[in-house]
Amino acid sequence: MKRENFVCKGDICYSQNLQTLHTVQNGYLVCENGVCAGVFDTLPEQYKNFDILDYTGKLILPGFTDLHVHAPQHRFRALGMDLELLEWLETHTFPQEAKYADTTYAKENYARFVEEMKKGPNTRACVFGTIHGASTEILMELLENAGLCAMVGKVNMDRNSPDYLQEESAEVSAKDTITFLEHMKQKYPHVTPILTPRFLPTCSDTLLTKLGDIQKKYKIPVQSHLSENTSEVEWVKELFPTSSCYGDAYDSFGLFGGESCPTIMAHCVLSGEVEIALMKKRGIFVAHCPESNSNLLSGIAPIRRYLDEGISVGLGSDIAGGTRCSIFYAMAEAVRMSKMRWRLVDESLAPLTVPEVFYLATVGGGAFFGKVGKFEKGYAFDAFVLDDSRYDNKGEYNIAQRLERAVYLSNDDEVLHKFVAGRQLF
């Protein structure tokens, strides 16, 4: 439903900064010309003629951004969770992704993924497709038609992959990527391409060089994986012996941030001092995927360290390393895993708090899309209305406490209404 000017009335909460929540009970959230005009205790006179959507007693929260998700893996969630990363890829991921060569199969299964994304709290996402350009275009169309905002990538992988899921050559991979980019250039207003080398072990030096050239020409963002798992990191050292770290190998091909190359790197569990310094210098966004890091035996990322360094961090579901699309679940896992790291690994890094992971879910990941994740003037109007009455609140908890309970107790059925870029999806 298209609305330009309207007001949402209810119990409003958003992040002022990493530690501070801004809450207003029975407040007014104004959308003007499709963007946020602000939050008010009393509705200003100039907005009195706007339609008022009355959600009294319900929570109104900014939409969440999933900074790292594999759409084709939605089909086999919760399989192989006793395996480590590389074995899991060979056993479950690669055979499943190969099926997306069939566009009929892709449309059927991507529709399921998109429907779950639509009904939950996530409003934006950075999404991996597969190596198949036509199927990835179908995914983009489905996301656009659902009303979501997303960046979607056709995956590149020309080596160290099964024959059934390995592109013929670096030249073919680069050519197919250019075809994909040309097909999708400015095709949709809310879903756009992102360059997606799967990870360094599956991309040859020749392909990485060509992708660097493509990035410079098209000036599009990049997403990939970084320092996720011990066996993977050791493999990268063998493949790129002259690089000082995993990130330096990406950087040598022009695929690691910088002013004209906004870049998301997922996981960053095992990043060392040299890599952390380079991430900070290049303005890398870290997609923290706590459930996946646990499921695939990767470890616990030092998120407190990244935040202390001023590195941008958002949250990712990492379906199907993770099992649930809702970033609410990633928020809860991020707190749990940070406590485990503090207790078992490094007591100098304090555990994350609920206000902090709420910030990561909204402003932290949303910043990759621009002014996204807050209810302040000029920000994109991404919001959802949550019915938390099932938690038996009965007026005894304040808004911050209700948010905390929602992080641990919510499910998608409690999302009553959802707005993305000023449009009401339901």
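On the face of α8 turned away from its buried side sit the exposed residues Glu-273, Val-274 and Lys-281 (exposed is over 50% relative accessible area, buried under 20% and partly exposed in between, with a 1.4 Å probe and protein chains only). This is a predicted model, where local features need pLDDT of at least 70 and side-chain atom pairs count only at pLDDT 80 or more, while totals for chains, interfaces and linings use all residues. Residues are numbered from 1 along each chain as its sequence is written, and side-chain values use heavy atoms, with hydrogens and water left out.

Helix α8 spans residues 273-282, and its buried residues are Glu-275, Ile-276, Leu-278 and Met-279. They cover an arc of only 165° around the axis, which puts them on the same side of α8; the arc is that of the directions from the helix axis to the C-beta atoms. Helices (H or I, at least four residues) and strands (E, at least two) are DSSP runs, numbered from the N terminus. The partners that the buried residues of α8 pack against are β11 (222-226), α7 (246-251), β13 (285-288) and α10 (303-308). Just past the helix, Gly-283 has a positive phi of about 70°.

Then there is Leu-425, found in the segment after β17 (423-424). Leu-425 counts as buried because its relative accessibility is 15%. Setting aside neighbours within four places in sequence, Leu-425 is in contact (heavy atoms within 4.5 Å) with Lys-118, Ala-146, Gly-147, Leu-148, Lys-418 and Val-420. From Ala-170, Leu-425 is 255 residues away in sequence and 40 Å away in space, C-alpha to C-alpha.

Met-340, for its part, belongs to helix α11 (residues 327-344) and counts as partly exposed, at 42% relative accessibility.
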